[in-house]
Amino acid sequence: MLSRRKFSAIFGLSVLSTNFVKCASSSSTSKIPGNLVISTWDNQRANQLALHELNNNPSYLLNAVEYAIKSVEADAEDRSVGYGGRPDREGEVTLDACIMDKDGNAGSVTYLKGIKHPISVARRIMEKTPHVMLSGAGAQQFALAEGFEIENLLSEESLAEYKEWLVEKEYKPKANIERHDTIGLLVKNKNGDLSGGCSTSGMAYKMAGRVGDSPILGAGLFVDNEIGCATATGVGELVLKTCATFLAVELMRAGLSPQKACEAAIERIIAKCKTDDIQVGLIAMNKEGQIGAYSIQPGFVYAITEETASRTKEVNSYFK
Ligand code: SD4
């Protein structure tokens, strides 16, 4: 067991005083039985698909994750994921995704061009290769060998917007300026088993070759079936520099509730990255089905879908 002093030295956060004790005792009380899905942003439709899958087959957690995320990747109206996602500075749509299961297996794909469903490619990488992550041309080659097809992912709307952007060519990530809609989705079945996935086209007008947090385990997504899981959205550079979802899961391991863990991880990002005008949102869930969410800036929402109800909830933020 870690002594309290050693523990504080490792995690170095003010939340470790009274909150730690409070949460440690509260996290085992209010259990939510049954299948449960949460996801970043207003992704209730995707959640409902995932829940439907779980209800039919509670042990196939990855099917729930993959099918739900695929529906968002195919939706041209989501301008931060899959088909219709905003392109990079060169006008290319490049996709990042990852998936992680209850046994700690994981697959990830980065800088993937021309393939509509990076979440499925990530899952195939996990299931069919000895690797965790494939990138760029090699990832595309693997996807083609697996039967995926090359498609044009730049929708007319995204092309028109890109042409407007070319006039000024200004790039500065700002809070909510492009309404981040990356999907990070976490599922829990009746047994308390967890899995998750994350998929994005990344920051609009990013530099060619840029990879964000979404396909990186411990940044955009982390699942530890002993404890809980977490996923992130927003400006990925901040999440990468702080391993924010790994941190949130480790804080839950240390006894914090998912809510307190998200708050502490967001506070860590603010403290380490010295930011006050950029958006990052985190959501987390533990094995009991307790959930938490927190963001740096106002404007972040997330969707919660259980067997009896589905809703989208506004998230409290550090800055008001
Ligand atoms: C990234 N985290 O590539 C992603 C962006 C995002 O909705 O969340 N967009 O940095």
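**Close-up views of a predicted model**

**View 1. Strand S10 is enclosed.** Because five of the five residues of strand S10 (residues 291-295) are buried, the strand is largely enclosed by the rest of the structure. Here a residue is buried if 20 or more other C-beta atoms lie within 10 Å of its own, exposed if 12 or fewer, and partly exposed in between, with C-beta atoms placed from the backbone. Helices (H or I, at least four residues) and strands (E, at least two) are DSSP runs, numbered from the N terminus. Ile291, Ala293 and Ser295 are buried on one side of S10, and Gly292 and Tyr294 are buried on the other, so both faces are covered. Residue numbers start from 1 along each chain as its sequence is written. The model is predicted: local features need pLDDT of at least 70, side-chain atom pairs count only at pLDDT 80 or more, and totals for chains, interfaces and linings use all residues.

**View 2. Strands S9 and S10 form a hairpin.** Strand S9 (residues 280-286) pairs with S10 in the antiparallel sense over five bridges; two strands pair if DSSP finds at least two bridges between them. Opposite isoleucine 283 stands alanine 293 in S10. Four residues lie between the strands of this hairpin, in which glycine 289 takes a positive phi near 90°.

**View 3. Helices H3 and H4 pack together.** Helix H3 (residues 44-56) and helix H4 (residues 61-73) meet at an angle of about 155°, and their axes are 8 Å apart. Axes are lines fitted to C-alpha atoms, for helices over the stretch in contact, and angles run from 0 to 180 degrees between N-to-C directions. H3 and H4 are therefore roughly antiparallel to each other (angles under 35 degrees count as roughly parallel, over 145 as roughly antiparallel, 65 to 115 as roughly perpendicular and the rest as oblique). On the H3 side the contact is made by Arg45, Ala46, Asn47, Leu49, Ala50, Glu53 and Leu54, and on the H4 side by Asn63, Ala64, Val65, Tyr67, Ala68, Ile69, Ser71 and Val72. Two residues are in contact if their C-beta atoms, placed from the backbone, lie within 7 Å.

**View 4. Eight strands make an open sheet.** The strand order is S4-S3-S2-S6-S5-S1-S11-S12, with mixed pairing. Strand S4 (133-135) and strand S12 (310-314) are the edge strands, each pairing on one side only. From one strand to the next, the twist averages 10°. Strand S5 (residues 183-188) and strand S6 (residues 194-200) run antiparallel and are joined by six bridges; lysine 188 stands opposite leucine 194 in S6. H4 packs on the sheet, where it touches strand S2 (94-100), S5 and S6, and its direction makes about 20° with that of S6. Helix H5 (residues 118-128) lies across S2, strand S3 (106-113), S4 and S6, and runs at about 135° to S3.

**View 5. Helix H9 is largely enclosed by the rest of the structure.** Eight of the 10 residues of helix H9 (residues 244-253) are buried, namely Ala244, Thr245, Leu247, Ala248, Val249, Glu250, Leu251 and Met252. These buried residues pack against strand S7 (221-224), strand S8 (228-234), helix H8 (236-242), helix H10 (258-273) and S9. Glycine 255, with a positive phi near 120°, follows H9.
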